[in-house]
Amino acid sequence: MSWESVAAKKRQALKNAIPPEWVIPAEIFPPEDQLDVTNFPKDSGFFTDRELEITSTPAQGILDRLASGSWTAEEVTRTFCKTAAVAQQLTNCLSEILFDRAIAQAKELDAYYRETGKTKGPFHGLPISIKDNFNLIGVDATVGFTSLVDDPATYNSTLVDLLLGAGAVLYCKTNVPTAMMIAETVNNVFGRTVNPRNRKLTSGGSSGGESALIAFGGSRIGVGTDIGGSLRIPAACTGIFTIRPSFGRFPNFQTRSGLAGQEAVNSVNGPMAKTLEEIVLWARTVVGQQPWLTDPKCLPIPWRDVEVKKTLKIGVLHHDGLVTPTPPVTRALNETVQKLKDAGHKVVTWAPTEHKDLLTTLAKFFVADGGKSIRKLLEPTSEPFCPEMKAYEDAAELGVHEMWQLHLKRNALCKSYLDRWNASGIDAVLCPVTPYSTVEHGKFAYVGYTGVFNVLDYPGVSFPCGVKADKDIDKSYVNHQPLTDIDAQIQNDYSAESVHGMPVSLQLVGRRLEDERVLAITDAILRAIASSNGAK
């Protein structure tokens with residue numbers, strides 16, 4: 001079969017997996033020119049009040065009701081399966097539909113609860129969505145390649161085993177870009193995932209299926225991965241929360257990768273959710289399961305309680321010396337800085353001293369094999385390179401010695417950054433997640449604001465800061481002096497009209513292995529923002 005035929009067959013199978021009763025009736029199906037579909041569940045009449053209550057309840061509330069017996073795992077699971085089915089029809093966010101096995105699992109959990117009066121693990125009955133690259137026995141993990149269609153996993157990722165053991169219900173897998181190495185979610189198997197807040201805009205990548213599903217309301221907590229921004233970018237594009245953790249805090253063993261064996265910069269996984277509290281819940285629960293006993297690269301560090309100083313010292317990276325944030329992001333950063341000052345926190349400028357060299361090093365790491373990993377996955381079906389992966393198609397392989405020299409350069413840059421951080425006395429760095437609030441399909445051109453922290457292995461939280469892009473306020477810069485050619489391209493592409501009304505997110509970064517601390521400081525920043533907004 002041609003790669004086109006393989007893809008068409010897979011897409012049809014995915015469509016057929018949606019139960020007929022969850023197919024949106026033609027008379028209420030949103031027209032193509034309805035860009036924001038996030039209110040469809042509430043406004044369409046397709047969902048009951050009970051279903052809307054379930055999907056709008058934060059994860060801890062769901063767990064409390066399951067533990068009390070007021071909700072059953074089956075009812076909760078069916079509700080999230082239905083909402084995910086609708087999200088798929090409107091945003092193309094799923095890669096695998098696991099509704100039948102999820103409902104069967106939920107029934108088993110309910111039977112256990114009836115027999116024992118107890119819950120089965122800390123995630124008992126909570127539906128959790130997972131990114132396509134997590135292996136689940138009997139299910140494909142195509143990561144966007146037609147050659148991996150109909151090649152079901154024969155083992156579970158360690159995180160999958162952990163979640164199942166904790167009582168979570170895994171009901172769907174979400175779409176990714178080819179090899180998970182593009183900042184927009186598009187591939188030749190499933191096509192493009194769109195942003196439920198504005199379907200002309202990207203949901204980001206590579207965890208863009210997750211971000212679209214969660215923003216729509218089809219999941220309370222989902223799990224994605226990040227090697228250059230793949231959690232933080234899609235979270236920012238859709239206005240939800242995530243943390244890119246330090247390597248070794250959460251289990252990532254036996255997941256599929258488009259660059260398998262590339263460990264110069266480690267991939268990590270992390271939660272995505274609508275609230276910061278749900279991010280902390282997931283992190284505390286997963287680490288509480290002692291994942292270092294099953295993942296040989298997990299660090300035996302329990303989740304720690306952190307007290308945040310009343311007065312914080314925050315370093316602010318206004319730009320990285322290479323690309324200027326677009327107007328709504330610049331405004332959001334400036335307004336947040338002022339709110340921090342109003343709350344009594346100290347704010348200092350953080351210089352992008354090492355950023356250019358860090359990004360150059362990262363780019364070389366990704367193509368060090370001369371594109372062989374990607375080419376090997378494309379060749380079995382003669383699938384072409386997509387335009388977004390031209391760097392991999394054109395790459396020349398590095399020799400071992402040259403790779404080792406890159407490792408030395410990386411290590412020196414990490415040492416320089418750490419020394420500068422320690423000398424400054426800052427508690428965290430506040431900066432853009434991307435130059436964009438989000439952007440039209442095909443125009444996401446820069447991942448520098450996230451990628452540097454993958455090389456450094458610093459934890460970073462992407463959080464919506466309460467600012468929305470405004471076409472009347474966030475007009476294009478006048479007489480802008482671009483920092484680089486890519487900066488000029490991004491500012492030239494910027495359309496205030498296109499992103500009007502979209503939420504703007506910022507990134508808070510801490511030192512390596514200070515994951516608990518960076519989440520706690522994010523909470524302090526959100527409280528400062530809320531306090532300032534309440535005073536107006």
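Residues are numbered from 1 along each chain as its sequence is written, and side-chain values use heavy atoms, with hydrogens and water left out. Because the model is predicted, local features need pLDDT of at least 70 and side-chain atom pairs count only at pLDDT 80 or more, whereas totals for chains, interfaces and linings use all residues.

An unreviewed UniProt entry lists residues 75-519 under "domain: Amidase"; UniProt positions are given in the numbering used here, and such annotations may be inferred rather than shown by experiment. The span is 36% helix and 16% strand, and its end C-alpha atoms lie 32 Å apart, where helices (H or I, at least four residues) and strands (E, at least two) are DSSP runs numbered from the N terminus.

Under "binding site", the unreviewed UniProt entry lists Met180, Ser206, Ile227, Gly228, Gly229 and Ser230. These positions are spread over 51 residues of sequence yet cluster in space, with a largest C-alpha distance of 10.5 Å. Ser206 is found in the loop between strand 7 (198-202) and helix 8 (208-216) and is buried, with a relative accessible area of 0%; buried means under 20% relative accessible area, exposed over 50%, and partly exposed in between, for a 1.4 Å probe and protein chains only. The side chain of Ser206 makes a polar contact with the side chain of Lys131 at 2.6 Å, a polar contact being a pair of N or O atoms within 3.5 Å, of which, within protein, one must be able to donate a hydrogen and the other to accept it, and residues adjacent in sequence count only if both atoms are side-chain atoms.

Ile227 is found in the loop between strand 8 (221-226) and helix 9 (232-238) and is buried, with a relative accessible area of 12%. Leaving aside its neighbours within four places in sequence, Ile227 is in contact with residues including Met181, Gln262, Leu362, Phe366 and Asn454.

The axes of helix 12 (residues 355-366) and helix 16 (residues 448-456) come within 9 Å and cross at roughly 80°, which makes helix 12 roughly perpendicular to helix 16, a label given to angles of 65 to 115 degrees. These axes are lines fitted to C-alpha atoms over the stretch in contact, and angles run from 0 to 180 degrees between N-to-C directions. From helix 12, His355, Leu358, Leu359 and Leu362 meet Gly448, Gly451, Val452, Phe453, Val455 and Leu456 of helix 16. The residues of this contact divide into seven nonpolar, three polar and no charged. Ala363, also in helix 12, counts as partly exposed at 43% relative accessibility.

Thr434, in the loop between strand 13 (428-432) and helix 16, counts as buried at 4% relative accessibility. The side chain of Thr434 reaches the backbone nitrogen of Tyr436 at 2.8 Å, and, beyond four places in sequence, Thr434 touches Ile233, Val329, Phe444 and Tyr449.

Arg249 lies in the loop between strand 9 (241-244) and strand 10 (268-273) and is buried, with a relative accessible area of 1%. A polar contact of 3.5 Å joins the side chains of Arg249 and Asp515.

Definitions and conventions. Angles under 35 degrees count as roughly parallel, over 145 as roughly antiparallel, 65 to 115 as roughly perpendicular and the rest as oblique. Contact means heavy atoms within 4.5 Å. Ala, Val, Leu, Ile, Met, Phe, Trp, Tyr, Cys and Pro count as nonpolar, Asp, Glu, Lys and Arg as charged, and the others, Gly among them, as polar.
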